[in-house]
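Good morning, and thank you for coming.

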Amino acid sequence: MTSPPSSRPLDATAIAVTIGLCLSWGFNNVAIKLAIHDIPPLIQSSARSVIAALLVGVSTQARGIHLFKRDGTLRAGILAGLLFALEFLLIYRGLVWTTATRGVLFLYLAPFFVVIGSRWLVPGDHFHLSQWLGLALSFLGIVIAFGLPTPANTAWQTVGDIMLVGAAAAWAATTLTIKASALNRISAEKTLLYQLVVSAPLLGVAAMIVGEHIATAPSALALGAFAYQTIYVVSITFTIWFVLIIRYSAARLSVFTFLTPLFGVAAGHLVLNEPLTPAFAIAVALVAAGLLLVNRPR
């Protein structure tokens with residue numbers, strides 16, 4: 001039996017930590033761009049999972065966290081790992097056929113899926129009308145920041161769009177699996193290890209199937225960007241995120257992820273000198289207003 005999942009609102013500490021995570025993930029988007037020319041995306045994902053699994057495994061052993069005792073989480077852990085691998089596979093291959101802008105909009109349907117799924121899977125974690133309005137406002141901010149997608153130009157672009165919607169569903173399903181299964185009563189490190197260990201070989205095989213390879217030795221910049229993803233983003237921020245999912249409302253947490261692409265745009269401006277448009281300020285205001293509505297005490 002699993003313990004009842006917590007659906008309590010976010011307190012000030014949880015909100016501050018979540019914003020910090022979204023900021024880290026926004027810079028992670030830039031790190032992927034910096035490394036992708038030297039280290040193809042699926043190879044990045046697979047290698048990242050392998051190295052992060054080793055780091056987290058060593059850390060848990062040093063801290064005396066038991067990983068191998070029977071606790072009834074194997075099936076849920078494998079499912080979470082399969083969904084984790086599917087998410088990244090669909091994102092990276094879907095972006096081959098559709099644009100990055102369209103990809104962001106379709107991927108960030110994930111909070112809607114989490115809110116809908118929470119209503120059925122997590123007792124007490126459902127949105128009222130004002131919170132749905134906040135969710136819609138935040139998504140509208142993303143639409144303004146990245147532009148309303150036009151109809152697909154080709155059949156392959158439609159396939160890419162569908163793959164990104166599938167990635168959003170896989171992301172949401174991972175969150176809900178962690179929240180509503182036996183994974184909600186084990187350490188966040190073990191939950192993360194399930195995902196890393198299951199996803200690493202699957203993503204590695206996918207990289208071979210699509211013909212990814214590293215042609216030359218990666219540059220110092222690419223290796224530094226890869227290290228940021230592996231050591232900090234995957235090994236540390238993902239662990240913190242899973243702690244938050246278990247302790248707080250998954251639906252409310254998921255809405256904060258709308259900040260990630262906005263932080264990604266800001267990071268692209270700071271690091272890569274990518275331009276900012278006036279619409280970006282409007283987008284930030286709408287996302288912020290939406291977050292206030294979602295997290296306003298009832």
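Is T60 buried or exposed, judged by its relative accessibility? T60 counts as buried, at 0% relative accessibility; here buried means under 20% relative accessible area, exposed means over 50%, and partly exposed lies in between, with a 1.4 Å probe and protein chains only. This is a predicted model, in which local features need pLDDT of at least 70 and side-chain atom pairs count only at pLDDT 80 or more, while totals for chains, interfaces and linings use all residues. Residues are numbered from 1 along each chain as its sequence is written, and side-chain values use heavy atoms, with hydrogens and water left out.

T60 belongs to helix α2, residues 41–62. Helices are DSSP runs of H or I with at least four residues, and they are numbered from the N terminus. Leaving aside residues up to four places away in sequence, T60 touches I65, L67 and E189, where contact means heavy atoms within 4.5 Å.

I turn now to the aromatic residues. The whole structure contains 12 aromatic pairs. The pair F84 and F88 is edge-to-face, because the ring centres are 5.0 Å apart and the planes stand at 65°. By definition, rings of Phe, Tyr and Trp (its six-membered ring) pair if their centres lie within 6.5 Å; planes under 30 degrees apart are stacked, over 60 edge-to-face, and the rest tilted. Both residues lie in helix α3, residues 74–97, four residues apart, about one turn of the helix. In general, an α-helix has 3.6 residues a turn, so residues three or four places apart point the same way. F84 is buried at 7% relative accessible area, and F88 is buried at 12%.

F84 and F88 also belong to one aromatic cluster with W25, Y92, F238 and W241.

Finally, which residues touch the most other members of the largest nonpolar core? In this core of 74 residues, they are I142, F238, W241, F242 and F258. Helix α9, residues 220–247, gives the most to this core, with nine residues. A nonpolar core is a set of buried Ala, Val, Leu, Ile, Met, Phe, Trp, Tyr and Cys residues joined through side-chain atoms within 4.5 Å.

Conventions: Helices (H or I, at least four residues) and strands (E, at least two) are DSSP runs, numbered from the N terminus.
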